Amino acid sequence: MATLDIRVDRVGGTYMSGETVRGVVLATTKGGCTHNGIVVRAEGAVALQLSPKAVGIFEAFYNTIKPLKLLAVEIPIVNEGKLPDGTTEIPFEFDLVSKPGSVGLLESYHGVFVSVSYTLTVEMTRGMFQKNVVEQTTFNVMNQGQSWKPEFDEEQQALPFALDPQTLRNVKKANLQHVPQFRIAGQLDSYTCDIAKPLTGNIRVEACSQKIKSIELQLVRVEFCAAAEGVAKEATEIQNIQIADGNIVEGLDIPLYMIFPRWFTCPTLVANNFKVEFEVNLVVLLEDNHQITENFPIKLFRRKGIEVSAC
């Protein structure tokens, strides 16, 4: 009997693109074990899934989209032979570079209909009538420079906003008389955001005829998948942060501050048959349950030259 375990040399298993991944395979046997070789495989792929809401339940179930390979490395670590009794530690290493002909390495991302994942698999091949021993684990990749442009470092691109009944998009002019009077202003400090830093800004209630119940900041992912029926688009909420609770003092600047959750966000992705973008919704809920919402598309990037320990 034999068991395998994989351990990488970094707590959390997170690496920057271009780094060397090192680790060990722990092979434990009782009384020794013959084998035909042990191999470590490192793989990375983009998995795409169609939304039933966008293309229909049956189309989403039957129309599978083949994963896009990003990384494919195979490392033979032990030739055919016999493992001794007890635990044997077998080292391995490989460079984190993309598979030739692929779109390149992409940052790890756990979405709803698009996900980017990386796995390490160790397999011990046994004889013809014996079952191979397989163990698998995951690791994470941060892709330096993904979606980054030099001009992003030169200046922040602030995004000011001003809201009043006249700026509402989904209200007919004939119904404006039933909408409470309000005037809200503020800004996002930048709509191009370093994913390793928080989103910041401020909001100010200048006037409002109704009492305010709460102000919330909502982060939304927008995922696009190309299919035979067309492009499926789906927006889902990642997180919702309450900025203010209860009626707000007029004229007071309230800071906006949101940290981008790791792995549930990634630098903005744009490829031939899929796309992942992000938006921020500012939601003001009034006491009479009227809801004022303003949408801000944002672009996320990861700066070059950042170490994992600093992210």
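These entries go from the core to the aromatic rings, then to a sheet and a loop.

**Entry 1: the core.** I kept in mind that this is a predicted model. I began with the largest nonpolar core, which has 73 residues. Which members touch the most others? I found F94, L96, Y118, F139 and I215. Strand β20 (residues 274-286) gives this core its largest share, 7 residues.

**Entry 2: around F139.** I listed the contacts of F139, leaving out residues up to four places away in sequence. The list is G13, Y15, L71, F94, L96, S108, Y118, T119 and L120.

**Entry 3: ring pairs.** I searched the whole structure for aromatic pairs and got 5. F94 and F139 make an edge-to-face pair, with 6.3 Å from centre to centre and 70° between the planes. F94 belongs to strand β8 (residues 86-95) and F139 to strand β11 (residues 133-142), so this pair ties together parts 45 residues apart in sequence.

**Entry 4: another pair.** F161 and F296 form a tilted pair, 5.2 Å centre to centre with 55° between the planes. F161 is in strand β12 and F296 in strand β21 (residues 291-301), so I logged a link between distant parts of the chain, 135 residues apart. I checked accessibility too: F161 counts as buried because its relative value is 7%, and F296 does so at 5%.

**Entry 5: a charge over a ring.** What sits over the ring of F224? I found the charged end of K275 there, 4.6 Å from the ring centre.

**Entry 6: an open sheet.** I traced 4 strands in the order β12-β13-β15-β18, with antiparallel pairing. Its edge strands, β12 (159-163) and β18 (253-258), each pair on one side only. On average, neighbouring strands are turned by 20° against each other, direction ignored. I then looked at β13 (residues 182-188), which pairs with β15 over 7 bridges. F182 stands opposite C208 in β15.

**Entry 7: the loop with K211.** I located K211 in the loop between β15 (199-208) and β16 (212-227). K211 is partly exposed, at a relative accessible area of 48%. Which residues does K211 touch, not counting those up to four places away in sequence? They are N247, L286 and E287. I also took the C-alpha separation of K211 and L285, which is 9.1 Å for residues 74 apart along the chain.

Technical notes
Residues numbered from 1 in each chain as written. Predicted model: local features only at pLDDT ≥ 70, side-chain atom pairs only at ≥ 80, totals over all residues. Heavy atoms only, no water. Core = buried A, V, L, I, M, F, W, Y, C linked by side-chain atoms within 4.5 Å. Buried < 20%, exposed > 50% of the residue type's maximum accessible area, 1.4 Å probe, protein only. Helix = DSSP H or I, 4+ residues; strand = E, 2+ residues; numbered from the N terminus. Contact = heavy atoms within 4.5 Å. Pairing = 2+ DSSP bridges. Axes fitted to C-alpha atoms, helices over the stretch in contact; angles between N-to-C directions. Phe/Tyr/Trp six-rings, centres within 6.5 Å; stacked < 30°, edge-to-face > 60°. Lys NZ or Arg CZ within 6 Å of the ring centre and 35° of its normal.
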